[in-house]
Amino acid sequence: MPETSPKGLTRLAFGGDYNPEQWPESVWQDDVRLMREAGVTMVSVGIFSWALLEPSRGEYDFGWLDRVIGLLHDHGIRVDLGTPTVAPPVWFYREHPDALPLTPEGVRYEFGSRAAICHSNADYRAAAANITTRLAERYGDHPALAMWHVHNEYGVPVSACYCDSCAAHFRRWLETTYGTVEAVNKAWGTAFWGQRYASFEDVNPPRATPTVGNPGQALDYKRFADATMRENFRAERDILHRLAPGVPVTTNFMTALSQCDSVDYWAWGREVDIVTNDHYLITDGRRTHVNLAMAADLTRSVAAGAPWILLEHSTSGVNWQPRNPAKAPGQMARNSLGHVARGSEGAMFFQWRQSRRGAEKFHSAMVPHGGTDTRVWREVVELGASLDSLGAIRGTRTEADVAVLWDWHSWWAQNLDWRPSEDADPRERADAFYEALYDRHLTVDFAHPEADLSRYPLVVVPALYLMTEAAGNNLREYVANGGTLVVSYFSGIVDEHDAVHEGAYPGALRDVLGLTVEEFSPLLQGGSVRLTGPDGSELAGDVWTEFVVPRGAETVWTYADGLTAGHPAVTRHRLGEGTAWYVSTRLGPEGLDTLLGRAAEDAAIAPRADLPHDVEVVRRSGETGSYLFAINHTTTDAKVPLETSGTELLTGERAAGRLAVPAGAVRVVRLDG
Ligand code: GAL
């Protein structure tokens, strides 16, 4: 069994991507001195260093890396060593120009950035295996080595290639998946528009077509591209396991739905020894701490609840959004400890020292251009001390209250062309439901629709357009056994091949919800409808309405206007021991809060009215005890009730009854008992 935490790391991970090759060696001494000053425990090295390590084919230069790793080791800093396979050198592309990926329109990307890789390319695979082998042979038993960092953020920025090698590889993948071309024809419904294939040889990637292509083909291509990247990850991982047994292998994920949409992290979570994640705030005017909490919960969930590591985030602004604000004082600590509260075993950054040259020179770092007499540096040092005092939480697990179902395949399917409304956006619904649960102070686990849900009193389905029969059965059993389910519109519609389930909508969930949907009736842009409900209460919906026909469910809110006026809008169905709610329109924050309040009552989840808005309270517990994290995202001081007394770990103070959490501050209490 490979290790599931960084080898030899006895504290929380704190550090960042360290790119010493961008600096003269004279700076390295200063780097390690400052790392010690800040309390850095681990750094990621060599992620983009292939061109330096193998300056021409078969010629290696490990001298500089030997010195860097040796220096880090001398200063007690653990090394997360990259395999540099995300950045093949220019000599490689000169020899193998067809390793550069091709877009669906047939444009070949050029060398000169990063991650320009056709993952089906045999020459790339051989070269990647070779450099990985060399690194494993040289450093596999180095005492500084804590973990392997394979590649970088698979799926970003290139998620698929459409070249001839990919075409051949796709055909093999189809043959393995389906067996016969007839099965492919059936799954994709190629009888439509005369797309029937006579043999696998006729099938191509979904390249540019005059109008919309076959959705089954497009969906399978996403699966294929994801599986192909995973094959390449596995190839490197297996080399590393073989040559460096006992050293865990990871690759950095980007679970935030706003940051990567091409990778099925449920599948990837099973492949790595440790789940690690990169997270950047998207400053689009929304509440960034909610998006952060969601990404952290999703990361923990793909790690099956086990501890994971935040491998990258930023000390302050990034440089790749249209406008890149600096973080406010204290925000970096709130961000870092927000991840820790939700299961991360530390907080690491991109990057250690801010670059002077290259594409990311305006991206913040732990050591900014301004050096150590800066706010960012002072906050970095402070964070290092905070993490040092939280060492006891290592190995504990975050406790969740509810589950939200999420499936990347369903997201891919719903985002294909020609749907009833382009405004029905699964990611938007996932974000909105998550935010509503966050505001009710409920901690969320994400779950795959076929996962065991029995431990959750409440399960929410914001958007599962694609739902397998197995998932439908799973939800039926969950409700029948006493669970409370909330399902939002346009869920349970198609099977794994994007074929509409037989019979009336929603085929996978009709009997669970106790209704059928006769017709969808999406609204025009800007349109909205009123809903009237119990005691004359009103809610508003937009984007989507439906003609719902109750078949056992009771109507709780009814459409008051629009084409669907008089028809059920929100329903509730008792099934076995449990209850299934259905909402057939897009509710805003107020509506979602009302709906989730009703469902929480059914699920016997007590409201947390004693917790102030935007004061995040999360618990981690395990062998070393139970820890309550309180993060105050507001500008006013807050108080959080404590069931038992405890010791606040960042200040060392005792706390009992009510915990004071000053404006913008974080508090972590180790509860007594
Ligand atoms: C990450 C990437 C890093 C760096 C960072 C900047 O996606 O892994 O190498 O580019 O973004 O925010």
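**Exercise 1.** How many bridges join E1 to strand E2 (residues 42–45)?

*Solution.* Start with the basis. The model is predicted, so local features need pLDDT of at least 70 and side-chain atom pairs pLDDT 80 or more, while totals for chains, interfaces and linings use all residues. Residues are numbered from 1 along each chain as its sequence is written, and side-chain values use heavy atoms, without hydrogens and water.

Step 1. Two bridges join E1 to E2, and the strands run parallel. Strands (E, at least two residues) and helices (H or I, at least four) are DSSP runs, numbered from the N terminus; pairing takes at least two DSSP bridges.

Step 2. Aspartate 17 has serine 44 in E2 as its bridge partner.

Step 3. Between E1 and E2 the chain passes through helix H1 (residues 25–38), in a right-handed β-α-β crossover. Right-handed means a clockwise path from the first strand over the helix to the second, with the strands pointing away from the viewer.

**Exercise 2.** Find the pairing of E1 with strand E9 (residues 344–349).

*Solution.* Step 1. E1 and E9 pair in the parallel sense over four bridges.

Step 2. Alanine 13 stands opposite glycine 346 in E9.

**Exercise 3.** Which side chains place a polar atom by a ligand oxygen?

*Solution.* Step 1. Apply the polar-contact cut-off: a pair of N or O atoms within 3.5 Å.

Step 2. Glutamate 153 has a polar side-chain atom 2.6 Å from a ligand oxygen. For arginine 114 the distance is 2.8 Å. For glutamate 312 it is 2.9 Å.

Step 3. The protein covers 96% of the 310 Å² of accessible area that the ligand has on its own (Shrake-Rupley method, 1.4 Å probe).

Technical notes: Polar contact = N/O pair within 3.5 Å; in protein donor to acceptor, adjacent residues only side chain to side chain.
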